[in-house]
Amino acid sequence: PAGACSQCLPGTFADGTSQSACSLCPLGEYQSAMGKTACVRCPVGSTTSEEGKTVREDCRCTAGMTQALDGTCVGYWASGVQHGVAVAVVEAGGGTRCYSAQYHAPLFA
């Protein structure tokens with residue numbers, strides 16, 4: 001056959017044997033290795049800012065979610081109170097920290 005086969009670079013994948021080019025990982029996925037047939041989904045509650053991301057750290061919590069101490073994304077309740085969840089920062093930029101078995105006072109009056 002004419003031409004040589006090449007591995008897809010990180011941030012891309014090829015899911016078929018006859019593809020002529022690699023595709024960028026879609027939003028909400030990443031791929032850190034070369035030569036893969038699929039990308040890895042971001043954890044629940046997080047997504048990437050654009051296609052073609054290469055590392056797990058490119059996954060960020062979506063709107064209405066906040067990052068817990070274990071790195072997972074957890075949601076706020078409509079009242080603005082986060083009950084019993086180890087939360088790194090409850091208020092965006094506020095620096096308030098709530099840990100397990102604690103809660104943050106309502107964010108909204």
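Residues are numbered from 1 along each chain as its sequence is written, and side-chain values use heavy atoms, with hydrogens and water left out. Because the model is predicted, local features need pLDDT of at least 70 and side-chain atom pairs count only at pLDDT 80 or more, while totals for chains, interfaces and linings use all residues.

Four disulfides were found, a disulfide being a pair of cysteine sulfur atoms within 2.5 Å. One of them joins Cys 8 to Cys 22, with 1.9 Å from S to S. The torsion about this S-S bond is about -90 degrees, so the disulfide is left-handed. Cys 8 is buried at 4% relative accessible area, whereas Cys 22 is partly exposed at 35% (buried means under 20% relative accessible area, exposed over 50%, partly exposed in between, with a 1.4 Å probe and protein chains only). Another disulfide links Cys 25 and Cys 39 at 2.0 Å; Cys 25 is buried, with a relative accessible area of 0%. In sequence order, the bonded cysteines pair as 1-2, 3-4, 5-6, 7-8.

The structure also holds one salt bridge, that is, a side-chain nitrogen of Lys or Arg within 4 Å of a carboxyl oxygen of Asp or Glu. Here Lys 53 meets Glu 50 at 3.6 Å, N to O. Lys 53 counts as buried at 18%, and Glu 50 as partly exposed at 44%.

Finally, Thr 12 is buried too, at 12% relative accessibility. Beyond its neighbours within four places in sequence, Thr 12 is in contact (heavy atoms within 4.5 Å) with residues including Cys 22 and Cys 25.
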